[in-house]
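These are my notebook entries on one structure, written in the order in which I looked things up.

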Amino acid sequence: MTQSSPHAHRAGVSFEDRMATVDFRVAERAHIVVDTSVCLSCELRSCVHACPAALFVPTDDGGILFNYEQCFECGTCYQVCDAPGALSWTYPEGGHGVAFRQG
């Protein structure tokens with residue numbers, strides 16, 4: 001898998017190496033819901049820069065494309081987003097979500 005993002009080599013660990021240490025049991029219901037209409041007026045785009053899994057991608061029309069399936073459940077997006085109503089965050093349903101294989 002090739003990932004082009006500003007997160008590609010954070011702390012000397014490649015994005016691919018970091019992602020290879022985790023498994024994801026994806027629930028049908030997204031545990032993070034992004035109101036992309038709110039994102040259109042966001043200038044900071046903190047979620048794009050802070051998400052360690054690079055799941056927030058800016059679009060050419062000023063929006064955000066988000067994919068919850070490989071979320072680390074760290075809550076960083078929820079902590080850095082200062083746009084009221086942009087993010088709804090919960091833990092995944094029981095038995096789903098991220099599983100770390102090392103550490």
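Entry: I looked up Arg45 and found it in the loop between α2 (36-39) and α3. Helices here are DSSP runs of H or I with at least four residues, strands are runs of E with at least two, and both are numbered from the N terminus. The model is predicted, so I note that local features need pLDDT of at least 70 and side-chain atom pairs count only at pLDDT 80 or more, while totals for chains, interfaces and linings use all residues. Residues are numbered from 1 along each chain as its sequence is written, and side-chain values use heavy atoms, with hydrogens and water left out.

Arg45 has a positive phi of about 50°, although it is not a glycine. Its relative accessible area is 15%, so I list Arg45 as buried. For this term the cut-offs are under 20% relative accessible area for buried, over 50% for exposed, and partly exposed in between, with a 1.4 Å probe and protein chains only.

I then found Ala54, also not a glycine, with a positive phi of about 55°. Ala54 sits in the loop between α3 and β3 (56-58). With a relative accessible area of 10%, Ala54 is buried.

**Entry: nonpolar core.** Which residues touch the most other members of the largest nonpolar core? I wrote down Ile32, Val34, Leu55, Phe56, Phe66 and Cys77, out of 22 residues in that core. At least two core residues come from each of α1 (15-19), β2 (32-34), α3 (46-50), β4 and β5 (87-89). Such a core is a set of buried Ala, Val, Leu, Ile, Met, Phe, Trp, Tyr and Cys residues joined through side-chain atoms within 4.5 Å. In soluble globular proteins, nonpolar side chains tend to be buried together.

I took Ile32 as an example and listed what it touches, leaving out residues up to four places away in sequence. The list for Ile32 is Phe66, Tyr68, Cys71, Cys77, Leu87, Ser88 and Trp89. Contact means heavy atoms within 4.5 Å.

**Entry: aromatic rings.** I searched the whole structure and got 4 aromatic pairs. One of them is Phe24 with Phe72, a stacked pair at 6.2 Å centre to centre and 25° between the planes. Phe24 is in strand β1 (residues 22-25) and Phe72 in the loop between β4 (64-66) and α4 (76-80), so I note a link between distant parts of the chain, 48 residues apart. The rings of Phe, Tyr and Trp (its six-membered ring) pair if their centres lie within 6.5 Å; planes under 30 degrees apart are stacked, over 60 edge-to-face, and the rest tilted.

Phe24 is partly exposed at 21% relative accessibility, and Phe72 is buried with a relative accessible area of 13%. Phe72 also pairs with Phe100, and this pair is tilted, at 6.3 Å centre to centre with 35° between the planes. Phe100 is in strand β6 (residues 97-100), so the pair ties the loop between β4 and α4 to a part 28 residues apart in sequence. I therefore recorded Phe24, Phe72 and Phe100 as one aromatic cluster.

**Entry: salt bridges.** How many salt bridges does a search of the whole structure find? I got 2, counting a side-chain nitrogen of Lys or Arg within 4 Å of a carboxyl oxygen of Asp or Glu.

One joins the side chains of Asp23 and Arg101 at 3.3 Å, N to O. Asp23 is in strand β1 and Arg101 in the segment after β6, 78 residues apart. Asp23 is partly exposed at 34%, whereas Arg101 is exposed at 52%.

In another, the side chains of Arg29 and Glu93 meet at 3.1 Å, N to O. Arg29 is in the loop between β1 and β2 and Glu93 in the loop between β5 and β6, 64 residues apart. Both are partly exposed, Arg29 at 42% and Glu93 at 33%.

**Entry: cysteines.** I looked for disulfides, meaning pairs of cysteine sulfur atoms within 2.5 Å, and found 0. Cys39 is buried, at 8% relative accessibility.

For Cys81 the closest cysteine sulfur is in Cys42, 6.4 Å away, again too far for a bond. Cys81 is partly exposed, with a relative accessible area of 27%.
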